[in-house]
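Reader: Could you take me closely through one part of this model, namely its salt bridges, and say where the partners sit and how far they are covered?

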Amino acid sequence: MEKKLTASSHLFVTVFLSGFATFIVIPAITDVTMFALCPGTDECSLAIYLSGLQQAMIGLGTALMMPLIGNLSDQYGRKALLTLPMTLSIIPLAILACSRTTNYYYAYYALRTLTAMICEGSINCLALAYLADNISDSQRASAFGILSGVSSGAFVCGTLAARFLSTGSTFQVATFVSMLAVVYMRIFLEESIPDQVDGMTQPILKEGEDVIQKDGNAPRKMPVYKKIPSVGDIISLLKSSPSFSQAAVVAFFNSLAEGGMISSLMYYLKARFHFNKNQFADLMLIAGIISTISQLFLMPLLVSPLGDGKLLSIGLLVSCANAILYSIAWSDWVPYAATALSIMMVFAPPSLRSIASKQAGAREQGKAQGCISGISSLANIIAPLVFSPLTALFLSEDAPFHFPGFSIICIAITLMIAFIQSLMIGSAPSTSSDKNSSNCMEV
């Protein structure tokens, strides 16, 4: 047990460093984009459309890559697969660390789009699978909540650091910390291969034979390309468990709303209340502090009495209320007040991942988490295609009626759909239970 806790602590440090490098640049990237594309203005349709296009392209790439990365990590280990996205994420940061002129920005834009197809979400996906390898079902929701708390802590520290750094220094620090994260992970994090984990449980999908031919007594293993999950495998995975398929639907609509917020909120606040880099940083800092405290201390206390199903529903309902509050914000202090709702909004993602994890066997954690991440990425393709044009339209003078927060209220409706679907899940049983094992589908 002590060995598993030590391994988890090194994972938490790795996730923290990687998250810090990612989050420290978020408050600055809007100003960098506006300066490179539309200098001297507070409203830029080109920036909104380019941001939406990038988000859609990244979503398309990650929708294809996440199930593959998750499945390969089941075969070759979590640490081996973590190395690739963590290394690739350094490249775009290094470009803006050198310069933030228009040409450098377009180079960053292109490379960020390409590398994020592999990096976006894969570190979190593999970290969740790593924890599932080492944490029992009963403690998994709490462990996932702590992982989210560590990510929120990285968010707080990154945002706070950005508040006091110049734009150029911000990207230089991000580049250094991302390199440090890779070095730390390679040195200290132990490999986790599901075949080496005790307590195997009934898989969702029946494993194919690893041995396809024998020469004497020497088995020959299946080639790597034969282990890549097909569309049929993903469909069978979704059909195998009602709770898993319902969790997938919730993941889609929740990610659709999150993607809408990413593509809309900052531009909405900048156009409506003239928010600058420091105000964005302050807003995210407050939300991050509240989220960290909630995930590290409050959520572990509530998992046992309420269950991850109820926590998921609570988080989604409060997220819906938060979006409504943003959409009707009448003063620049309202977004700051709305961050108080983060204390319950953060229940949703780790609870959803815990429900999905409990439907998978020990050798399928990467596949299950990759499937959920792929579905979330699919939603991220659609979100900017829907919400970026809506945001640009209702922030312009050509809006059919005056409602700058119209795209945000549409996001609230999306979250309400996710909330209604979450009520059908309830508290998901563990795959290790006899009842659930008898219901597992063999393909």
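Author: A search of the whole structure, which is a predicted model, finds 6 salt bridges. In one of them the side chains of D31 and K270 meet, with a distance of 3.4 Å from N to O. Because D31 belongs to helix 2 (residues 26–37) and K270 to helix 11 (residues 242–273), this pair ties together parts that are 239 residues apart in sequence. The two partners can also be described by their cover: D31, at 26% relative accessibility, counts as partly exposed, while K270, at 6%, counts as buried, since buried means under 20% relative accessible area.

Another salt bridge brings together the side chains of K358 and D308, whose closest N and O atoms are 3.1 Å apart. This pair, too, links distant parts of the chain, for K358 lies in the loop between helix 16 (348–357) and helix 17 (365–395), whereas D308 lies in helix 13, and the two are 50 residues apart. Both K358 and D308 are buried.

Note on methods
Residues are numbered from 1 along each chain as its sequence is written. This is a predicted model: local features need pLDDT of at least 70, side-chain atom pairs count only at pLDDT 80 or more; totals for chains, interfaces and linings use all residues. Side-chain values use heavy atoms; hydrogens and water are left out. A salt bridge is a side-chain nitrogen of Lys or Arg within 4 Å of a carboxyl oxygen of Asp or Glu. Helices (H or I, at least four residues) and strands (E, at least two) are DSSP runs, numbered from the N terminus. Buried means under 20% relative accessible area, exposed over 50%, partly exposed in between (1.4 Å probe, protein chains only).
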